[in-house]
Amino acid sequence: MKISINRLKDYLPFDQSPEEIADLLTASGLEVEGISTYESIKGGLKGVVIGEVIHCEPHPNADKLSLTRVDIGERLLPIVCGAPNVAKGQKVPVAIVGATLYPTEGEPFAIKKAKIRGEVSEGMICAEDELGLGSSHEGILVLDTDLPNGTPLGSLIESSETAVLEIGLTPNRADAASHLGVARDLKALLRKELVLPDVSDFAVDREGPTFAVSVADTTDCPRYAGLTIRGVKVVPSPQWLQNYLRAIDLEPINVIVDVTNFILHDLGQPLHAFDADVITGNEIQVKRLPKGTKFTTLEGKERILTGEELMICDSKGGLCMAGVLGGKDSGVTDDTQTIFLESACFGADVIRKGAQHHGIKTDASFRFERGTDPNMPVFALKRAAMLIRELAGGEISSAIVDHYPAPATYLPVPVAYRHVDRLIGEVIDRKEIKTILESLDIRVEEETSEGFLARVPPYRVDVTREADVIEEILRIYGFDAIPLKDNYQSEYLAEHPEKDGNKLQYRISETLAGMGYSEIITNSLSSAAYSSEANFLDVEKDVVILNKLSEELGVLRQSLLYTGLEVLAHNINRRQKDLKVFEFGSVYSKIEKGYVEGKRLSLFLTGNSIRENWMHASEPAGFPELYAVVEALLAKLNIPLPDVQLVERAPYTYGLTLRVNQQELGDIGLLETAVTRQAGVKQEVYFAELDWDRLVKLAKKQERYREISKFPEVRRDLSLVIDQQVSFEELRQLAIKAGGKLLKRINVFDVYTGDKVAPNQKAYALSFYLQDDQQTLTDKLIDKTMHKLMTAFEKNAGALIRK
């Protein structure tokens, strides 16, 4: 299930990042399996500005090209253009050097400074399809605007961007199968109020004929509501609605269908729109049809009914398989002018049986099978009717017909405080319990010192017992907020394999010792001068010792950096300049509501990695050596290789931030001279600080060893010339994607920068190792794989392949 962050903010304004929201939801039971970004215009038109063609003349060396000079505000750009319609005085979209374009068809490409038939070109005047705005490639896009030259094109052409959460919804949480449902949980977690859509202006525009409703079985259909809208125009939806649907992986169809899909994913209430002009008689009947009845569903497939399906019928026969899929003959078409809009609540069992028998899975059946809110149909109907009236025109021409003979009530569940304390394992303040439950719309009544009566809203179909109410308290209070004790019994926790952080630490210590690193243990107390003089530590977060022994030991450290540097300084001052050390230690910081403590792993590398001897000259330590150590540690913990991002901040001269599954592991890089001199170290120091607590959580069981493949490994080499800013990590990711399962590993065996390549370029010599575990590789398959790799490097990294 996909949830748009932008839409969540409409329900519940918040400042937290998508990652923070994902962590909150996951901790409360709505597991976020991934976060992606939706852009209505791929790339968001970044690097594309409004320009004005100041000069245009034919290219002296090409009949179909033109030489132009384009004013982009800050300067004039020489651009070679091949469009037949380019002319002086035009306002045009200009992609400047460094921009990446995402065309309607084909792969993205970067704009570079180039020479075209001997003439310099520093940008590109774009056509509609080159910007991903349409399919036209007849010529450049000419803009009608008075905006100043150099204005980003995004100011003229609106694009939408939102983070999208992928939630792995468990079967019991039908209430959360919508943006409103997720917002309800966030309401409790963030202690904020929901902002619901306003339907107070709903009104019948002009009373006209409508349909009566009869329900044969109120158990299978406890509620059925509907209304009629006349004079609608079935047109494409506005851009905001199309963007909403595409962000959650739905393709827009037309304004009527799109509104029903919007309501389903927004409020969790499935709707169905019938072409009212094809309904015979003046009554909608909710009933079963005889076994063997033929019914053609919306996709044009004829189905034979079992007699158990619940059907929506008119006087002539079936119109729709209730809660599952509409009928072909009653659906909305481009010619539809009057619709009957249905909003109902169906029994989970009858919908599940019908959907499974016919092999139909729809968004509507998914929700009805798990249980929907019987009190939502009329609210959703009003919301949808108002949207259709606004977006498709027409008039609401009937009052709402609402067949609801037995309104659902709140379910009473007695709860004893002693059971709450026993199952949770900790006594939670009674006021906090009441606040949590009421934030979840669970009423607390008849409260005494012994317990209370919880009244659960009908939409929470999964909360029916005392234990369910207690689970609701715990998941919002926070599972992590309950400390695990040594004397828990099986009554509280089921047996489960345990990850022992101490054993993992011992294993990593052995690994580092085997790589020549020495372990250090330093004092958690440090000097306040470090944080006050450093521009990367926050003095306000210092945990100050009340009974400090000295100013040098007056605060608890925020980082392992300075205490480790003090150890380096002590050794370097005694002529021990080649050092490899590591430390497991705690760091501390002050927050608004108290203090936090975390465990870190630090690595220090300085001096020579190889000392001078009769076989080798000395070799200074470098960044790649320390990064290789970090990679080895992650492999030891069975954690995948991290995503990296350049660090351009203190305390590093240069470095990388490491992330796995969008969780930050720490930083690694060369320390600034000003930082090392604070501790008295006057030589280069490479430093890494990793979040050990997070590493322990991410660590997985060691993989089992597998038999070595019986089929030979093949090596192929490539020499690439690429821009200086293209990193090996980018090339590695491209290779993994293009090489598929055959590519076992990739290696850099030479890097060259010098007079044989351009100043802004470098040459990489890469080796690729290919192997198939099932058969011996053929030359044809090897060549095909290498061709994919070369194509990927040329298109996505701008590489020149030396052949």
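Glu472 is buried, since its relative accessible area is 3% (buried means under 20%, exposed over 50% and partly exposed in between, with a 1.4 Å probe and protein chains only). This is a predicted model, in which local features need pLDDT of at least 70 and side-chain atom pairs count only at pLDDT 80 or more, while totals for chains, interfaces and linings use all residues. Residues are numbered from 1 along each chain as its sequence is written, and side-chain values use heavy atoms, with hydrogens and water left out.

Glu472 lies in helix H11, which covers residues 466–477 (helices are DSSP runs of H or I with at least four residues, strands runs of E with at least two, numbered from the N terminus). Apart from neighbours within four places in sequence, Glu472 is in contact with Ile436, Leu440, Ile442, Arg460 and Val463, where contact means heavy atoms within 4.5 Å.

Elsewhere, Glu39 belongs to strand S2, residues 32–39, and the side chain of Glu39 reaches the backbone nitrogen of Gly43 at 2.9 Å. Leaving aside neighbours within four places in sequence, Glu39 is in contact with Gly44, Lys46, Ser160 and Glu161.

The lining of the second largest pocket has 19 nonpolar, 11 polar and 14 charged residues; here Ala, Val, Leu, Ile, Met, Phe, Trp, Tyr, Cys and Pro count as nonpolar, Asp, Glu, Lys and Arg as charged, and the others, Gly among them, as polar.

Methods: A polar contact is a pair of N or O atoms within 3.5 Å; within protein, one must be able to donate a hydrogen and the other to accept it, and residues adjacent in sequence count only if both atoms are side-chain atoms.
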